[in-house]
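Subject: The structure for you to look at

Hello,

Here is the structure I promised to pass on. Have a look at it first, and then read on for what I found.

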Amino acid sequence: MKLAVLAHPSRKEATDVADELIAAARRAGVEAALVELAELDAEGASDVDVIAAVGGDGTFLAAAGAALVSGVPVFGVNVGYVGYLTEVRSDEIDLAAERLGTGIFGETQRVTVAAHLPGGTTVVGVNDVVIEKVVSQRVVHLEVEVDDEPFTTYRADAVIVATPTGSTAYSFSAGGPAVDPNLAALLITPVASHSAFTRPVVLRPDARIRFRVGSDRPVRVNYDGREAGTLEAGGVIEVTRGDTPLRVLTFDGHRFPHAIHDEFGRA
C-alpha cells in the first residue's frame, strides 16, 4: 500500500504530526511519503492507494478534492482544532497506521455535488456549490425549481447547495444545519436572504435543483471555493448529486456527534 500524506503548509505542528504518521506507517509496512497539494492532481495521485490529510477541515477538503479526481480514499488527522471531517486525532496515528498495515479499516462513501453550467461544463465539489452576487451592493435574484416543479425565489447575497460533508462549512455559518457527513442528502441554504422563505432545506440526494437568474444582475458560481463561471440574466444552472462519491476511510474512530459535542457541548 502507498500512502500520500498532505500536511497543512503553514503549521509546524501539522508537518511534525505528518512526519510521525509517515514513520508509523513505514513501521507498519506501508510505503508513505509527504506530498504537496500540487502533486495530488489526477496524474500525481494515480500511483497512491490512500491520501491522508494532516491539519483541519480545510486541509481535509483540499486532499478530498484530489482523492475524488483520482478515485482513491482519503482520511484526515486533526491537528490543533476540532475537526468535523477528520477521523483521527493526532494521538491516534499509531492505531491508524497499524490498521492501514493490516488492512483492518472501513470505508464510507460520501455524497458529492455537481453544478451543470451552460455550454456543457460540469464541475464537482466535495463541499458545496455557491451561487453568489458579483456586485457587493446588490443581491442575487434566483428562481428555483426542484425536479421541474416551482420551489421558491430567493433574493439573497448567495444561495448554497451543500453536501452533508460541507454542511459544517459555509452553509453552517449561514444558518444551515450540521448534518452527519455519512448521510445522503443535498442542502439548500440562502445567505442573508431578503425573501419571505429564508429557512434552509434538506432534500433527498437525487433531487435536481435548477436556478434561473431572474434579474439583470450577474451571478458567480463557485464550487469548493473555486470559481466555475458567471451567469447573466436568464442564465440557468442545474445542481445535482455528483456521479462519483468521495471515498473516506474509517478506523472505528469518533462519530460525528462527538465532534459536535467537542465544539459546542462543553460546559
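Helix α1 (residues 12-27) packs against helix α3 (residues 93-102) at an angle of about 35 degrees, and their axes are 8 Å apart. Axes here are lines fitted to C-alpha atoms, for helices over the stretch in contact, and angles run from 0 to 180 degrees between N-to-C directions. α1 passes α3 in a right-handed crossing (the near helix is turned clockwise from the far one by less than a right angle). On the α1 side the contact is made by Val17, Glu20, Leu21, Ala24, Ala25 and Arg27, and on the α3 side by Ile93, Asp94 and Ala97; contact means heavy atoms within 4.5 Å. These residues divide into 6 nonpolar, no polar and 3 charged.

A word on the ground rules. This is a predicted model, in which local features need pLDDT of at least 70 and side-chain atom pairs count only at pLDDT 80 or more, while totals for chains, interfaces and linings use all residues. Residues are numbered from 1 along each chain as its sequence is written, and side-chain values use heavy atoms, with hydrogens and water left out. Helices (H or I, at least four residues) and strands (E, at least two) are DSSP runs, numbered from the N terminus.

Next, strand β4 (residues 74-78). 5 of its 5 residues are buried, so β4 is largely enclosed by the rest of the structure; buried means under 20% relative accessible area, exposed over 50% and partly exposed in between (1.4 Å probe, protein chains only). Val74, Gly76 and Asn78 point one way from β4, and Phe75 and Val77 the other way. β4 pairs with strand β3 (residues 50-55) in the parallel sense over 5 bridges, and two strands pair if DSSP finds at least two bridges between them. Within that pairing, Ala53 stands opposite Gly76. The chain gets from β3 to β4 through helix α2 (residues 57-70), in a right-handed β-α-β crossover (with the strands pointing away from the viewer, the path from the first strand over the helix to the second runs clockwise). β4 also pairs in the parallel sense with strand β5 (residues 88-89), over 2 bridges, where Asn78 stands opposite Arg89.

Which strand holds Arg110? Arg110 is in β6 (residues 106-110), and this residue is buried, with a relative accessible area of 7%. Leaving out residues up to four places away in sequence, Arg110 touches several residues, including Phe60, Leu85, Leu246 and Val248. β6 pairs with β19 in the antiparallel sense over 5 bridges, and the partner of Glu107 there is Leu249. In β19 (residues 246-250), 4 of the 5 residues are buried.

Please look at Val113 too, in strand β7 (residues 113-116). Val113 counts as buried at 0% relative accessibility. Its C-alpha atom is separated by 9.1 Å from that of Thr244, 131 residues apart along the chain.

Finally, 6 strands form an open antiparallel sheet in the order β14-β13-β12-β9-β16-β17. The edge strands, β14 (201-203) and β17 (226-231), each pair on one side only. From one strand to the next the twist averages 20 degrees. In the pairing of β16 (residues 219-223) with β17, made by 5 bridges, Val221 stands opposite Gly229.

Best wishes

Notes:
Nonpolar A, V, L, I, M, F, W, Y, C, P; charged D, E, K, R; others polar.
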